[in-house]
Amino acid sequence: MLTTKIEIISNEPEKEYVQMVSLEHRKKFAQFFTPFPIAEFMSKWILGNKHLNTVLDPAFGLGIFARAIRKTNKDCVIKGFDIDENILHEAKEIFEDETNTTIFLKDYMFNDWENRYDGIICNPPYFKFHDYDNKTTLKEIEEKLGLKLNGFTNLYTLFLLKSAYQLNQNGRAAYIIPSEFLNSDYGKLVKSYLIKNKLLRYIIIFDFEENVFDDALTTASILLFANDKEKSEVEFINIKTLDELTSLQKKIQSYPKNKSEKAVSFSKLNPEIKWRAYYQKQNASRFKNLVPFSNYGKVVRGIATGANEYFTFSQSKATAFNVSEKNLLPCITKSVDVCGSFFTKEKFEKLKQQDKSVYLFNADETNETSIKKYIAKGEAEEVNKKFLTASRNPWYSLEKRKPSPIWVSVFNRNGLRFIRNEAMISNLTTFHCIYLNMFSEPKVDLLFAYLLTDISKEIFNDNRREYGNGLHKFEPNDINKALMLDLDKINKADEEKILSLYSDYRKSELSGKPNVCLLEEMNGIFVKLFSN
């Protein structure tokens with residue numbers, strides 16, 4: 001049993017709970033606890049409503065927001081929802097002497113639509129579309145709000161939309177959520193709704209060097225709402241430390257005074273773009289003659305098997321199961337197996353000799369006894385019933401995707417990593433595939449020379465998705481829609497110089513002594529040609 005005093009103004013109950021409960025259980029219920037200084041900051045926004053009689057916490061947990069509110073307001077009625085019996089039991093122990101706090105073991109998304117609140121405060125569950133019953137939940141949102149959302153929508157944004165709907169006149173809401181939706185495709189419809197209802201007042205983006213939530217790989221933001229007459233603009237604020245959050249408290253408490261020049265009117269907010277443009281300087285603004293990357297080709301994800309352990313093969317595994325090479329597809333299965341910017345046939349042969357997993361089970365002909373046995377093995381292990389395999393016919397048939405000439409990393413901390421696939425073999429989702437259009441294929445070396453430079457990575461970074469600890473992610477469309485330099489604006493002389501430097505750099509890298517000065521010289525040419 002956890003400490004039962006609601007006066008606790010720290011994360012002590014959460015720390016005790018983490019020691020008692022497995023990480024597996026906490027991840028199952030998306031239990032990532034809010035640091036108390038942040039909970040206190042958010043509660044003060046709610047307490048700014050001078051007529052605060054009713055408060056809702058849609059994902060109650062151990063009641064950190066209720067504890068923060070009770071420091072100042074002992075009388076308001078607090079209602080909480082949670083779907084985990086374990087944490088609910090502990091929360092009720094903490095609040096056992098609280099007559100004005102009630103916690104329900106119910107799913108917030110399907111309950112309580114008829115009620116309105118003076119204050120709503122929440123750290124909602126972070127579940128991607130395949131981790132919750134998104135069809136049923138999206139249908140609920142569509143029926144109640146008349147809002148049809150993208151099937152990839154994360155659950156935390158559905159909590160957010162419902163809570164905005166439940167605000168009383170002059171009510172306030174505070175949500176701490178991943179900033180992912182601000183810059184994702186599924187977030188466009190969510191942002192459209194927020195623009196339309198004009199309740200959003202502040203978006204505070206954490207640019208901390210470390211994660212806000214323990215065990216959660218995500219960058220957080222605080223969204224503050226008010227259902228009042230101030231319906232003209234929203235202010236974007238970046239903070240780098242908790243100390244800045246403390247100093248920001250004075251500004252927030254003076255609302256609606258002290259409006260910033262950085263505030264953006266609702267009429268000027270564009271839901272179709274990444275909202276990073278409103279709170280971070282865009283690198284692309286430094287350059288001229290930019291075009292969408294899609295002018296040159298298309299980025300798509302790598303091959304998804306649905307069961308890598310089953311489908312990936314090394315030479316020794318192939319021997320053990322008597323699977324011949326005609327039933328195996330050469331493929332890079334792990335990013336760590338690819339070093340440098342050029343992947344050659346020689347490098348692939350070396351991986352084979354090291355007995356790395358560099359093949360995929362690709363049985364087009366199933367007459368062989370060994371192939372039948374391996375398929376039967378998969379069915380005995382119910383590989384055929386997994387999410388992706390169950391949707392294929394036959395289940396062991398891989399999606400058809402030809403090798404791409406260029407790979408690009410999915411995650412990075414130091415800018416996108418591009419690899420020239422000279423071996424022309426396939427790849428799993430550890431990399432995205434870049435396919436050039438017919439007009440760009442003759443310029444593949446010039447394009448790749450550009451992709452190796454710092455200037456390309458700077459501009460691509462405008463479209464990144466941010467996670468905790470400085471980790472960045474790019475989905476295929478993030479790159480497709482990103483800007484890059486217009487290679488057609490390069491004159492013949494400069495093109496020849498770039499290609500000469502590129503050729504020399506390639507040789508130096510493959511010799512084991514990469515000459516970074518050559519990359520810097522290439523970068524300098526691009527910067528000189530395209531700087532404003």
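Author: Let us begin with strands E16 and E20, which pair in the antiparallel sense over four bridges. Here two strands count as paired if DSSP finds at least two bridges between them. Helices (H or I, at least four residues) and strands (E, at least two) are DSSP runs numbered from the N terminus. Please keep in mind that this is a predicted model, in which local features need pLDDT of at least 70 and side-chain atom pairs count only at pLDDT 80 or more, while totals for chains, interfaces and linings use all residues. Residues are numbered from 1 along each chain as its sequence is written, and side-chain values use heavy atoms, leaving out hydrogens and water.

Within E20, His 432 has Val 408 standing opposite. E20 also pairs with strand E11 (residues 297-301), again in the antiparallel sense, this time over five bridges. Arg 301 is another residue opposite His 432.

Six of the six residues of E20 are buried, so the strand is largely enclosed by the rest of the structure. Buried means under 20% relative accessible area, exposed over 50%, and partly exposed in between (1.4 Å probe, protein chains only). In a regular strand the side chains alternate between the two faces of the sheet. Both faces of E20 are covered: one side has Phe 431, Cys 433 and Tyr 435, and the other has His 432, Ile 434 and Leu 436, all of them buried.

Asn 480 lies in helix H17 (residues 476-480) and, at 8% relative accessibility, counts as buried. Its side chain reaches the backbone nitrogen of Val 299 at 2.7 Å, and makes a polar contact (3.2 Å) with the side chain of Asn 477. A polar contact is a pair of N or O atoms within 3.5 Å; within protein, one must be able to donate a hydrogen and the other to accept it, and residues adjacent in sequence count only if both atoms are side-chain atoms. Not counting residues up to four places away in sequence, Asn 480 touches Pro 292, Phe 293, Ser 294, Gly 297, Lys 298 and Val 299, where contact means heavy atoms within 4.5 Å.

Now for the aromatic rings. Rings of Phe, Tyr and Trp (its six-membered ring) pair if their centres lie within 6.5 Å; planes under 30 degrees apart count as stacked, over 60 as edge-to-face and the rest as tilted. By this rule there are 35 aromatic pairs. Take Tyr 310 and Phe 361: their ring centres are 6.1 Å apart and the planes stand at 80 degrees, so this pair is edge-to-face. Tyr 310 lies in helix H11 (residues 308-311) and Phe 361 in strand E15 (residues 359-361), so the pair ties together parts that are 51 residues apart in sequence. Tyr 310 and Phe 361 are both buried.

Trp 407 and Phe 431 are each buried. Elsewhere, ring pairs link a cluster made of Tyr 310, Phe 311, Phe 313, Phe 321, Phe 361, Tyr 374, Trp 395 and Tyr 396.

Phe 361's strand, E15, belongs to an open sheet of four strands in the order E12-E15-E13-E19, with mixed pairing. Its edge strands, E12 (312-313) and E19 (426-427), each pair on one side only. Strand E13 (residues 328-332) runs antiparallel to E15 and is joined to it by three bridges. Leu 329 has Leu 360 in E15 as its bridge partner.

Finally, two enclosed helices. Seven of the eight residues of helix H15 (residues 444-451) are buried, so H15 is largely enclosed by the rest of the structure. Likewise, eight of the eleven residues of helix H8 (residues 187-197) are buried, so H8 is also largely enclosed. The buried residues of H8 pack against helix H6 (134-145), helix H7 (155-165), strand E6 (200-206) and strand E7 (220-226). Just after H8, Lys 198 takes a positive phi of about 55 degrees.
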